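Hi everyone, thanks for coming.

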Amino acid sequence: MIIMEKAIPALGEHIKSNSIIVRSPGRINLIGEHTDYNDGFVLPAAIDKAAYISLTPREDNEIHLYSIDLKDNYKTSLSDIHSLKEPNWPNYLLGVVAQFIKAGIKINGFDAALTADIPIGAGLSSSAAVECAMAFALNEYTKTGFDKLTLVKMAQKAEHEYAGVKCGIMDQFASVFGKKNHVVRLDCRSLQYEYEPFDISGYKIVLLDTNVKHSLASSEYNVRRQQCEAGVVLIQPHHPEVKSLRDATVEMLDKYVQPVDELIYQRCKYVIEENNRLLGACADLKKGDLKSFGKKMFATHDGLSRLYEVSCKELDFLADRVRDNENVLGARMMGGGFGGCTINIVKEEAVDSLIEQVGILYNKAMNKELKAYVAQIEEGTTILSSN
Ligand code: GLA
């Protein structure tokens, strides 16, 4: 057995000679937020923080799960896989097992141990990372040979059915398909993707973590999704070719949605503008115009905060504090919203002082501690050891 990574000691005693070990990373998203479930574009990347799973075969039909970080275990049998109210963490693993069973794949019993250095609730998709790690581990264990995209879709379904969040495909896709030093420009309708080198020499990607996760996050996420669908329903009688907001224009919204429902109008307007903004941002990247790219990040924040209303006072505070800072090219809230991180593109030599200064202000204003991470763009899901 060859183990390829230092981080594995965290799995320690759980690794046996016949264990399968998988690393699956968290993700950032440069621009293109809440566009994935509207058939639009996103621009994520996998990062240097990941979930690790070791899966060890058993002789019986039991599944024994262990969370190293929570020091908690859950035992069940393959004939009794269902989602749990409490504890919550096994759902991300069981949801994937359920997908394999649904696909008619014969699974034998196993022990699985899980650990992650992705901060939970920070909007870096720790749940997608766990699901993808599990999907790769089971694919290897059962020797099924599903391709990467099939595994991504199974992981996404696990989130829908076992975590109850009707997420788009971005997080799981980024975790699996990420490539070192590249962002992935993904068309969430066709699932065609391109790798764009993310060349920001002299700058760093800094994540400023509000350290809050408001309980609205998953329920409001599903509501936003429904609001986008409601907008499409209002346009469709006049434009049957509009299958999702990807096909709609602001003019259509002005005509058919605004007179009927102002709130749905605002939600849909944000999505259409964000999709266009992403295409512009990709053109900026190609030209190497990082200034223009950064401005679009701020515009995204404003749209998410005012039109889509998925920000919160902590995220707004962090975005506003760096808005006029000449060392910050762009910043915005990232991911689903209602807490988690802002993503900032910051001049390398200013990173430490920025974190310190904003940290002091944040602590004063919100009475909370600011956490900060400098993210590196890394490879997607990797099997570190198999048998
Ligand atoms: C969450 C979801 C993704 C995506 C983002 C918002 O991370 O899991 O599918 O919708 O929110 O862009």
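So, the shell around the ligand splits into four nonpolar, four polar and four charged residues. Here Ala, Val, Leu, Ile, Met, Phe, Trp, Tyr, Cys and Pro count as nonpolar, Asp, Glu, Lys and Arg as charged, and the others, including Gly, as polar. A word on the source: this is a predicted model, where local features need pLDDT of at least 70 and side-chain atom pairs count only at pLDDT 80 or more, while totals for chains, interfaces and linings use all residues. Residues are numbered from 1 along each chain as its sequence is written, and side-chain values use heavy atoms, with hydrogens and water left out.

Who is in the shell? Among the residues surrounding the ligand are Arg-27, Asp-36, Cys-167, Met-170 and Gly-335; near means a heavy atom within 4 Å.

Now the polar contacts, that is, pairs of N or O atoms within 3.5 Å. A polar side-chain atom of Tyr-221 is 2.5 Å from a ligand oxygen. Glu-33 brings a side-chain N or O atom to 2.6 Å from an oxygen of the ligand, and for His-34 a polar backbone atom is 2.6 Å from a ligand oxygen. The protein covers 92% of the 310 Å² of accessible area the ligand has on its own, by the Shrake-Rupley method with a 1.4 Å probe.

Finally, the domains, whose bounds come from an automatic or database assignment. The chain divides into domain 1 (2–199 + 378–385) and domain 2 (203–375).

Conventions:
A polar contact is a pair of N or O atoms within 3.5 Å; within protein, one must be able to donate a hydrogen and the other to accept it, and residues adjacent in sequence count only if both atoms are side-chain atoms.
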